[in-house]
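Walk through this model with me, one element at a time. Keep the 3D view open as you read.

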Amino acid sequence: MFVGAYAAVLVWGLTALASGPEAWAGWLAAMRQPIALLFHLAVLVAACWHTATWFAVAPKTMPPMRIAGRPLPARAIVAGQYVAAALVSAGILFAAGAMA
């Protein structure tokens, strides 16, 4: 639900950007309102919660992994997902900073 609502906000912003400078300035002003900031905070919390629960359930749903005949602990699988997510996020932030 939150992701769908956030996508609608982004489409609204894209439409405003395509409509010209005045529409874009209006959208930016709307995004600075306290209700918009609270909405973004709620979406961030929901996305973090979804990520944590998704990562936690992964070891329970995937086929058993073995290294040298011993099962890989669930903690290692979850930790690997967090490390991978952090690396991908850092790469995206770096790429975005390089473009600016």
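Predicted model: local features only at pLDDT ≥ 70, side-chain atom pairs only at ≥ 80, totals over all residues.

The cover over the buried residues of α4 includes α3. In α4, the residues Ile-77, Val-78 and Gln-81 are buried. Take Gln-81, which sits in helix α4. Setting aside neighbours within four places in sequence, Gln-81 is in contact with Phe-55 and Ala-58. Gln-81 and Phe-55 are 26 residues apart along the chain, yet their C-alpha atoms are separated by 6.7 Å.

Now check the geometry of α4. The helix has 26 residues. From first C-alpha to last, α4 reaches 38 Å, close to the 38 Å expected at 1.5 Å a residue. Arg-75 also belongs to α4, which runs over residues 74-99. Is Arg-75 buried or exposed? Its relative accessible area is 75%, so Arg-75 is exposed, the cut-off being over 50%. Arg-75 and Ala-18 are 57 residues apart along the chain, and their C-alpha atoms are separated by 46 Å.

Turn to the partner helix. Helix α3 covers residues 34-61, 28 residues in all.

In soluble globular proteins, nonpolar side chains tend to be buried together. Here the largest nonpolar core has five residues: Val-9, Ala-16, Trp-27, Met-31 and Ala-36. Helices α1 and α2 each supply at least two residues of this core.

Ile-35, Leu-38, Leu-41, Leu-44 and Val-45 form a nonpolar patch on the surface. Together they have about 510 Å² of accessible area. Leu-44, one of the patch residues, lies in helix α3. An α-helix has 3.6 residues a turn, so residues three or four places apart point the same way. Compare that with the numbering of the patch.

One last stop is a loop. Ala-68 lies between β1 (66-67) and β2 (70-71). Its phi is near 55 degrees, a positive value in a residue other than glycine. Is Ala-68 buried or exposed? At 78% relative accessibility, Ala-68 counts as exposed, because the cut-off is over 50%.

Note on methods: Residues numbered from 1 in each chain as written. Heavy atoms only, no water. Helix = DSSP H or I, 4+ residues; strand = E, 2+ residues; numbered from the N terminus. Buried < 20%, exposed > 50% of the residue type's maximum accessible area, 1.4 Å probe, protein only. Expected span 1.5 Å × (residues − 1). Core = buried A, V, L, I, M, F, W, Y, C linked by side-chain atoms within 4.5 Å. Patch = residues over 30% accessible without salt bridge, like charges linked within 9 Å, V, L, I, M, F, W, Y side chains within 5 Å. Areas by Shrake-Rupley, 256 points an atom, 1.4 Å probe, with all protein chains shown as cover. Salt bridge = Lys/Arg side-chain N within 4 Å of Asp/Glu carboxyl O. Contact = heavy atoms within 4.5 Å.
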